[in-house]
Amino acid sequence: MAKMFYEQDADLSLLQGKTVAIIGYGSQGHAQAQNLRDSGIKVVVGLRKGKSWDQAEQDGFDVYEVDEAVKQAQVVQILLPDEHQAKVYKEQVEPNLEPGDAIFFSHGFNIHFNQIVPPNSVDVILVAPKSPGHLVRRVYQEGFGVPALIAVHQDASGKAHQLALAYCKGIGATKAGVIETTFKEETETDLFGEQAVLCGGVSQLVKSGFETLIEAGYQPEIAYFECLHELKLIVDLMYEQGLGGMRYSVSDTAEFGDYVSGRRVIAEPARAAMKEILKEVQDGTFARRWIEENKNGRHEFESMRKKEKEHEIEQVGAKLREMMVWVNKGQKEPVKQ
Ligand SMILES: NC(=O)C1=CN([C@@H]2O[C@H](COP(=O)(O)OP(=O)(O)OC[C@H]3O[C@@H](n4cnc5c(N)ncnc54)[C@H](OP(=O)(O)O)[C@@H]3O)[C@@H](O)[C@H]2O)C=CC1
Ligand SMILES: CC[C@](O)(C(C)=O)C(=O)O
Ligand SMILES: [Mg+2]
Ligand SMILES: [Mg+2]
């Protein structure tokens, strides 16, 4: 059984009297900064000039260049894109760290794959919310929190574990439950989960279902509702009550079809591919590929991004969502913050 921590296990006062620098103000940055501030913690934001800087100022934060924010803080949470972290860390974070400071991450990629090697004199801590950033904020505002993982890579202060829990309390995670892990376990499971299931697996499943229906002559709008829109409603049931809860709510016809057909779609080839993906995550093949892709100008990434945006399901969906104002709140483009 995993070791779980809740509200009573965490002492927020470990962060009181300290300044937390949130470096980056995107999906996770805006959420963690605002949650900590609402929990009574002093937060500054470290950025470069641009869109996020303007947003953080508009949201009432004191915003500084990264090096200045690190100088002011005793706790530094790195919420830059994984692929930018090593360079910013080397140039602007490391020279301004002091012995006794704590450096936090929300994903273990750069520590686990040795892209960042902090000095021995600082704590190195992982607080990884198991949620997209926008929900980290929304759920906190609703009075709850999202689950998070914690890990300690380096415990210079002897208090790194308690500091990790205090940070979790500040962002609301101890309300939902915090699990102790390692940087290795978080990095490997997170990369595997997003590739094989949550992002890669699901989007290919949705597109393949959509394509199968329209190739057979069905209307794209119906294929969209069936394969994408309704997925959220089904996943909501799984989220609230597990697979059994979903199966309780759908018809017996759907439940029977689930048992006999699901395993034909996700059959042995899919499981073999999952094992291969996990191996490439574990042995660093994926990490090397992603690091190289960024060094070489991200051409493959940008071309796949463009192709995916042009897929018919995205065109049909954009039109349908314009009519469903309760779904997109009038937004035409995805919004990051
Ligand atoms: N997205 C998520 O929900 C989750 C993310 N994580 C982890 O959290 C971390 C942050 O990811 P995420 O929130 O998605 O990142 P985003 O891409 O949403 O945001 C990145 C932020 O960093 C800023 N930034 C980028 N480059 C620089 C730079 N050179 N100097 C200063 N600021 C810069 C961007 O500002 P600008 O406007 O200037 O570009 C932006 O504010 C990653 O480690 C990720 O793996 C973990 C769990 C979930
Ligand atoms: C599922 C994607 C994720 O791992 C997350 C939101 O947890 C990410 O890297 O954004
Ligand atoms: Mg994740
Ligand atoms: Mg991830």
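How much of the chain is helix and how much is strand over residues 182-327? Over that stretch the chain is 88% helix and 0% strand, and its end C-alpha atoms are 37 Å apart. Helices (H or I, at least four residues) and strands (E, at least two) are DSSP runs, numbered from the N terminus. An unreviewed UniProt entry annotates residues 182-327 as "domain: KARI C-terminal knotted"; such annotations may be inferred rather than shown by experiment, with positions given in the numbering used here and feature names shortened.

The model is predicted: local features need pLDDT of at least 70 and side-chain atom pairs pLDDT 80 or more, while totals for chains, interfaces and linings use all residues. Residues are numbered from 1 along each chain as its sequence is written, and chains are lettered from A and ligands numbered from 1 in the order in which they are written.

Strands of a sheet pair through backbone hydrogen bonds, either parallel or antiparallel. Here nine strands form an open sheet with mixed pairing, in the order E1-E9-E8-E7-E6-E5-E2-E3-E4; two strands pair if DSSP finds at least two bridges between them. Strand E1 (4-5) and strand E4 (62-65) are the edge strands, each pairing on one side only. Strand E7 (residues 123-129) runs antiparallel to strand E8 (residues 148-154), and six bridges join them. Pro 129 has Ala 148 in E8 as its bridge partner.

Ligand 1 is surrounded by 25 residues, the closest being Gly 24, Gly 26, Gln 28, Ser 52 and His 107; a residue counts as near if its C-beta atom, placed from the backbone, lies within 6 Å. Helix H1 (27-38), helix H2 (51-58), helix H4 (82-93) and E7 each supply at least two residues of this shell.
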